Amino acid sequence: MAESRHAIQLNRRQLLATATGAALTFSGCTPPPEAEPQPTTSRSDVPIRIAMVGTSEEADIVSRSWSSIDEQSLAITPISLARGDAERQSMDRLIAETGKSDLVIYPLLAVPELVHAEAIVPISEDQFEAMQTETGELYSAVRNGAARYADEFIGMPLGANQPALLSTAEVPPLASWDDYDRWVSKDLGGKANEPLAEGWAASMFLWRAASSISRGWLFSRNDFKPTLNEEAYVDTLQQMIKTAAHYPEQRQTPAEIWGSIQSGELMGGIGFAKNNSADEAEVGVSNLPGTDDGNRLLLDPYSPVISLSAMCRQSAVSKRLMDWITGGDGSEAIRRQISSVTTTRAMVQSEIAAEPRRQSAYETWLTQRLRTPVTLPPLQLFDAGEYYSVLDSAILEAIDGKIKAKPALDRVAKQWDAITERVGREKQLSAWRRAQGLRA
């Protein structure tokens, strides 16, 4: 009787997770009632439904790449969720489309919302390890910082771009951001840049801060009060403003900076590769100032992840697609054409490959960075896009000289606290702890 009461008390997410886990070797998410489980028989006339944050062009790339290795058709629904998009409707649409899909491809910052809505189901540890057998083990940073949430595996990371120091000439030792400022202003004569385009300035500020903040991160541990207006963060922004004054007026994304260095317009700066193909021109790639392989690594909150939807009806073939897209044969075309999709695991060389795959200089560097075992949590919160948007706006205003560093971050702290009050402090504190791997 006690066991029956316990079964009744299972919530919907637990039931869905149990059903999905039990059905990973069958064609649907649950076996037919009163029937013996049968081996999977894929039906290519029933497409795998995928909700995908991205463009229609990116959806076409995924479809074409998959069709070259499997006859199972795909039906991909592109969803717009731009960097710094603070609109609630965008997240609501992502959750709604996930409820109609077998798989969902989404940014890291959406994890708390999808988990709370019971829109995705976790993957058991045994299932997760089995998914790495053929295509290789995930690098430590993405395994710990992207695949897991609240001490559960929730999906497979598709990409984890990291900003690198880029140069066409030999770079002197840069132990600090002051050294970087001198290198940009004196050695390069200002022919450099870092990601300061709208939607990117907040990430660049956080990447800089990650190399400087020795303890604590963004919020206080006990009451979830913002800490980013404390001295260490203010110093980070002041240094960022100082160096930005040396750059050209044009604000660029990380990939645009890479392209400008390759074309000779710039001599160096901070960014990452346009795509993951071999270099078109020689660009030196190294760690940012103040970082080394022992530092904590910060993943971009817009790094993509793929998960099983709680409403998945074809879990076996969906799992196979998850395996393939994160490193299987034929998925290389996706990493070449979609810049947010990168290497995330130690690839197992295919037996049919004629020769080892050539890595770009950036990809070689990235594989080493992603072996960093300790990660800082990105903005994985409810209404995370709004937190990100107000930070991005403030950083850009400070760089434009419209506001000083301390008042800018004071304003962000006040705005963040207002968002927290609206959403619920305990709710956000719980999400933040879960982002750090805790169950609370």
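Tutor: Axes are lines fitted to C-alpha atoms, for helices over the stretch in contact, and angles run from 0 to 180 degrees between N-to-C directions. Helices (H or I, at least four residues) and strands (E, at least two) are DSSP runs, numbered from the N terminus. This is a predicted model, in which local features need pLDDT of at least 70 and side-chain atom pairs count only at pLDDT 80 or more, while totals for chains, interfaces and linings use all residues. Residues are numbered from 1 along each chain as its sequence is written, and side-chain values use heavy atoms, with hydrogens and water left out.

Student: What makes α3 roughly perpendicular to α12?
Tutor: The axes of helix α3 (residues 56-67) and helix α12 (residues 315-325) come within 12 Å and cross at roughly 100 degrees. Angles under 35 degrees count as roughly parallel, over 145 as roughly antiparallel, 65 to 115 as roughly perpendicular and the rest as oblique, and therefore α3 is called roughly perpendicular to α12.

Student: Which residues make the contact of α3 and α12?
Tutor: With contact meaning heavy atoms within 4.5 Å, Val 62, Ser 65 and Trp 66 of α3 meet Arg 320, Leu 321, Trp 324 and Ile 325 of α12.

Student: Why is α9 called roughly perpendicular to α15?
Tutor: Helix α9 (residues 201-210) packs against helix α15 (residues 384-399) at an angle of about 85 degrees, their axes being 7 Å apart. That angle makes α9 roughly perpendicular to α15. The α9 side of the contact consists of Ala 201, Ala 202, Ser 203, Phe 205 and Leu 206, and the α15 side of Tyr 388, Leu 391, Asp 392, Ile 395 and Leu 396. These residues divide into 8 nonpolar, 1 polar and 1 charged, where Ala, Val, Leu, Ile, Met, Phe, Trp, Tyr, Cys and Pro count as nonpolar, Asp, Glu, Lys and Arg as charged, and the others, Gly among them, as polar.

Student: How do you know that α9 is largely enclosed by the rest of the structure?
Tutor: Buried means under 20% relative accessible area, exposed over 50%, and partly exposed in between (1.4 Å probe, protein chains only). In α9, 10 of the 10 residues are buried, so the helix is largely enclosed; among them are Met 204, Trp 207 and Arg 208.

Student: Why is Lys 186 called exposed?
Tutor: Lys 186 lies in helix α8 (residues 177-187), and its relative accessibility is 65%, so Lys 186 counts as exposed.

Student: What makes Ala 150 and Leu 218 buried?
Tutor: Ala 150, in the loop between β4 (148-149) and β5 (152-153), has a relative accessible area of 6%, so it is buried. Leu 218, in the loop between α9 and α10 (231-244), has a value of 0%, so it is buried as well. Neither is a glycine, yet phi is positive in both, at about 55 degrees for Ala 150 and near 70 degrees for Leu 218.

Student: Which residues touch the most other members of the largest nonpolar core?
Tutor: A nonpolar core is a set of buried Ala, Val, Leu, Ile, Met, Phe, Trp, Tyr and Cys residues joined through side-chain atoms within 4.5 Å. Of the 134 residues in the largest one, Tyr 106, Trp 217 and Trp 416 touch the most other members, and α15 gives the most to this core, with 10 residues.
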